[in-house]
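This report looks at how two protein chains meet and at what lies inside them. Please have the sequence and the structure at hand while reading.

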Amino acid sequence: MRISWNWLSEMVDLKGVVTPEKLAEILTSRGLEVEGIERQDQGFGKVITAQILERLPHPQADRLSICNVTLGTGEPLQIVCGAQNMKVGDKVALAQVGAALPNGMKIDTGKIRGVISNGMLCSEEELCLKDSAEGILILPESTPVGRPLAEVLGRNDAILVFKLTANRGDCMSHWGMAREIGAALGLKPKRAAIPLLDFKGKTPVTIQLEAGDLAPQFYGCYIEGVKIGPSPAWLVKRLEALGSRSINNVVDASNLLMLELGHPTHAYDADQIKGGRIRVRLAKPGERLKLLDAQTITLAGTELVISDGERAVGLAGVMGGEDSEVRPQTTRLFLECAEFNPVQVRRAAFKHQRRTDAAQRFEKGLDPSALGLVTSRLAQLIVELAGGKVISASAVQLGGQTRKNITVQPQYFQDFLGMQVSPEKAEQILLDLDCDVFKAEAQQGSAWTVTAPTYRLDLSIKEDLAEEIARTLGYDKISATIPKLTSAPQSIYTAASASRMALLNLTKETLKALGLAETIGFAFTSKAWLAKFGMASTATVINPLSEEHEALVPSLIPTLVKNALDCWRHHFGSEALPIRLFELRPTFHSAKPEICATGEMETGVEERWKLSFAISGPRWAGGLQNEQGELDFFDAKAILEKLLESLGARGVRFQPQSASRVAAGHPLFALKELLHPGKSIEILAGKDVAGYLGLLHPGKSRELKAQAALWIGEIDWDMLSKLSRPVYESKPFKSWSEFPPIGRDFALLVKDDVTADKITQVALKAGKPLAKVAKIFDVYRGSQVSEGMTSVAVRVIFYEETRSLQEAEAEAASTQILEAWKKELGVVLRS
Amino acid sequence: MIEKLDAIGSQALKDLETAASLDRLEQVRISVLGKKGALSEVLKSLGAVSAEERPKIGAVANEWKRKIDAALELRKAQLDKAALDVQLAQERVDISLPARTPHRGALHPITQTTQRIIQVFSRIGFDVVTGPEVETDYLNFEAANIPADHPARDMQDTFFMGPGVVLRTHTTSVQMRMMRAQSWPVRILCPGAVYRSDSDATHSPMFHQIEGLWVDQNVKMSDLKGTLLFFAQELFGADAKIRLRPSYFPFVEPGAEVDVSCFQCRTKISPTCRVCKGSGWLEILGAGMVHPRLFDVAGYGEDYRSKNLTGFAFGLGIERIAMLLYGIPDLRLMFQGDVRFLNQF
């Protein structure tokens with residue numbers, strides 16, 4: 001919203017009271033934010049009117065001239081000029097040395113092809129008066145010499161650019177802003193008298209309101225004998241400064257009125273209104289309307305239109321129609337000033353993509369009691385600008401208007417705001433804002449009834465009044481207090497959200513401790529990218545910004561892999577960047593093909609938190625290359641195991657893919673298929689598959705042009721959290737035996753298909769109760785053992801908590817273990 | 001015999017003193033004290049000596065044995081030390097070679113900033129709750145006093161998922177879920193991702209917010225101000241100031257934009273400050289007193305009218321705060337998953 005300082009000053013006596021900058025500060029502190037001030041003389045400093053005394057050819061360049069110019073007093077100045085359109089005696093704009101022009105050009109003394117130039121003669125383009133210009137600006141002969149150009153051109157206004165909030169439609173005009181400023185500065189805004197028309201008459205055009213509440217009021221005025229022509233210069237200038245383009249005197253009058261009082265109005269060529277009537281009605285489905293912008297729209301039937309006896313002639317509150325627009329030969333006008341339902345106007349403006357200045361004012365609501373005044377002012381302006389005579393005026397209103405009463409206790413403001421506000425002060429502020437305050441005389445301190453002015457549609461509850469009082473006194477006058485705690489905070493034992501949040505943080509901290517960096521990716525990606533991973537989103541955005549933002553992710557892996565691929569593009573020397581990333585956030589799943597709300601709280605979209613990670617590169621962050629080693633399966637597995645340990649998760653198991661029952665159609669099938677079948681594990685939480693971990697499938701890796709082996713894992717964190725030790729439970733202490741343990745190492749020959757966990761499980765079972773620990777400490781396959789066999793080194797540790805163990809007892813247990821290994825797994829001792 | 005012992009002893013001491021290696025030392029020990037050593041040989045013939053002489057000779061022999069043992073120990077220590085000196089002189093690492101460091105993990109600046117903010121508000125009694133990111137239009141908008149076709153909808157460009165379903169544009173919906181599920185007092189913080197269809201250098205289609213809500217009897221606007229001042233001073237410095245400016249958010253009344261004094265320009269506002277661009281203030285929050293319409297939706301309407309139930313709410317963008325605190329120049333860095341960014345924090 002652009003507001004002219006000069007125009008405002010005509011309404012409120014600002015000059016000498018505040019500067020534009022100070023006013024901007026005051027209004028911003030009252031909630032009317034000024035984003036910037038555009039001074040029209042910006043860049044015109046040191047640009048002075050001058051007269052050419054002499055024009056000589058440049059000795060070195062045919063296309064340049066040397067002009068000697070005078071500023072009226074002092075020595076003439078020598079200026080080198082490249083233009084051809086000037087002659088001796090012309091009045092021109094001289095940018096003196098030190099000028100910084102509106103287009104950014106800075107003027108210095110300098111030699112141009114060997115001749116000194118003490119400034120520059122300006123073109124309109126250089127002064128940003130026009131988009132382009134041939135030659136320099138030649139001023140009228142009557143122009144005084146030696147005066148600042150800005151003054152000569154009348155560029156002395158300052159435009160305040162506001163960023164208005166949606167509730168202050170009443171300030172979308174100069175008069176509205178003047179009212180606000182008047183209240184802020186304690187000044188009374190003033191305007192020239194507007195003679196009110198008599199709306200009890202009958203216009204040659206009959207007004208018919210057929211849409212009930214959607215258009216409850218319509219004021220019309222009939223004018224004859226107007227002469228359409230260009231607007232006077234002051235009006236063109238004013239409109240342009242405020243971002244509007246001059247059309248003709250009648251249209252400009254309507255536009256000026258909107259900037260003055262805030263109400264959009266419309267002037268029809270009365271001769272083009274067929275059937276002698278104006279109807280406000282709902283459009284017919286499929287009805288066509290040619291708008292002022294020369295485009296024809298097809299109406300849906302839900303819009304409100306203005307029509308004459310035959311056809312729609314305007315989209316109500318949004319834009320007029322071309323058929324009835326004011327044209328050069330127009331002499332008779334019919335003026336419209338109406339009240340339309342804000343929602344109705346907003347919908348129509350959106351539907352037909354025409355969020356015009358008019359529509360933006362209607363949708364915020366306009367003073368319903370001002371229509372007569374506005375219509376009268378429009379007629380006055382038109383007669384002033386285009387001549388003619390008001391023949392008649394009429395108004396149709398459906399029902400009356402009621403003003404809302406707000407009941408409030410005098411003490412309320414002080415109590416609610418926490419600032420010093422006496423009832424007297426509060427009352428004064430409300431009165432200054434044009435509110436009416438009714439008090440029951442009899443009782444001191446009894447409730448007030450406050451009525452807001454009709455233009456303040458945003459004031460309807462006592463909190464609204466509190467804001468008025470607070471912003472008038474200044475929010476800085478509100479004290480700072482700490483609210484009282486009247487009950488205990490949440491218990492981590494009983495508030496699920498509290499323990500869940502703590503577990504989330506523990507998960508993140510654990511992964512951080514394991515050397516992973518957290519990443520946060522968008523919740524959405526493209527369908528195409530998901531498809532590369534065999535995945536499809538079940539929840540997509542209807543109006544995405546681009547296809548990159550369309551599909552809510554069912555898994556975090558595709559984005560994580562993309563992160564890795566992107567990172568690999570940035571090399572450090574010849575090395576690919578090591579990747580160690582994790583992410584923990586919701587994924588989105590809908591069982592229904594179409595997402596649709598069922599009730600106020602249910603969307604049908606399930607959000608499952610998933611934890612994913614991707615690692616690649618050397619095992620160590622620093623050190624010499626040959627000592628680092630590449631990450632392998634066991635590094636990836638370590639992350640998962642350490643996490644489970646840290647969370648105290650019970651009942652989580654791993655199994656090889658070969659044992660998996662996940663098949664096509666299972667939600668995790670795509671993830672499973674992404675992995676190397678022999679270097680991956682399926683993670684089971686109880687009976688359910690909770691996720692996978694393994695090497696990105698070499699085929700996929702090649703397809704994506706991955707630069708290194710990438711180990712990825714994803715686990716359903718919601719499942720995991722259910723199996724984890726509650727955060728309020730401390731990990732119980734475990735004692736150890738004070739008596740020395742006995743260790744026995746076994747070198748075994750094992751068939752390849754016997755897995756390590758079988759060997760240790762059998763050992764612990766057979767060695768009960770003395771065998772407490774069994775661990776594999778070496779594995780060998782190769783020339784020293786026969787084909788199909790593996791050499792496995794196992795250490796079993798025996799002890800008792802309560803006594804020293806005899807060698808013979810460990811010996812006996814070892815024998816049992818060996819027998820069990822032989823019997824159950826076909827394992828033999830390596831000789 | 002005593003002369004013989006003396007000769008052997010002094011010769012042994014001389015030999016030990018000059019022994020140049022541990023091997024030579026052992027040789028000398030064996031040649032004197034070994035089973036067939038010189039000293040042992042002499043003592044074997046002790047039987048031929050008279051009973052009076054025997055203790056004397058024995059004493060002399062023991063005295064020599066003791067001296068030799070001591071000399072042996074001494075020389076051994078000398079040689080050990082010399083050997084160690086040689087070894088130490090040879091053993092060197094280039095301490096300037098790179099250390100074999102483990103990978104250092106990191107939490108995203110958004111997470112760290114969120115945790116820090118939560119920590120501050122927790123101290124004065126706020127609890128943390130979260131809610132769904134895919135939300136009903138009703139809870140996201142209608143319940144927040146932003147009905148369909150209201151101009152305030154322009155403030156939040158929305159991603160739609162289906163009839164009545166949106167990606168939440170703020171975490172206000174979580175507050176409403178919470179209020180509907182329980183009675184007052186309510187003191188909650190709602191952190192989480194929110195979505196708006198806007199993307200450029202300063203807007204991301206997904207970003208993070210923390211909203212706070214405090215509902216109780218007789219809560220004042222000054223309580224809001226005091227709470228936010230405490231927050232600003234805990235996050236930006238004990239001398240931080242805040243400034244409230246009237247503004248409009250449909251879910252609060254009165255509403256305010258909250259600025260915090262620039263933490264770079266503590267003593268004097270620099271016109272070229274990269275943080276506040278010379279204004280001295282940083283816009284970081286929106287806030288206000290809970291609009292009574294929300295109490296009606298929450299089922300608190302009766303208590304609002306009869307028990308003076310009031311409340312305040314505030315919301316802040318976490319990225320904005322994180323960018324200020326860490327000096328991150330571009331919002332987009334937050335979501336690109338670039339390890340060069342993520343590993344820094």
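A polar contact is a pair of N or O atoms within 3.5 Å; within protein, one must be able to donate a hydrogen and the other to accept it, and residues adjacent in sequence count only if both atoms are side-chain atoms. Between chain A and chain B, 44 residue pairs are in polar contact, both residues at pLDDT 80 or more. The side of chain A that touches chain B divides into 46 nonpolar, 25 polar and 28 charged residues. Here Ala, Val, Leu, Ile, Met, Phe, Trp, Tyr, Cys and Pro count as nonpolar, Asp, Glu, Lys and Arg as charged, and the others, Gly among them, as polar.

This is a predicted model, in which local features need pLDDT of at least 70, side-chain atom pairs count only at pLDDT 80 or more, and totals for chains, interfaces and linings use all residues. Residues are numbered from 1 along each chain as its sequence is written, chains are lettered from A and ligands numbered from 1 in the order in which they are written, and side-chain values use heavy atoms, with hydrogens and water left out.

The table lists totals for the two chains.

| Item | Value |
|---|---|
| Chain A residues in contact with chain B (heavy atoms within 4.5 Å) | 99 residues |
| Chain B residues in contact with chain A | 93 residues |
| Salt bridges between chain A and chain B | three salt bridges |

A salt bridge is a side-chain nitrogen of Lys or Arg within 4 Å of a carboxyl oxygen of Asp or Glu. A:R585 forms one with B:E133, and their closest N and O atoms are 2.9 Å apart.
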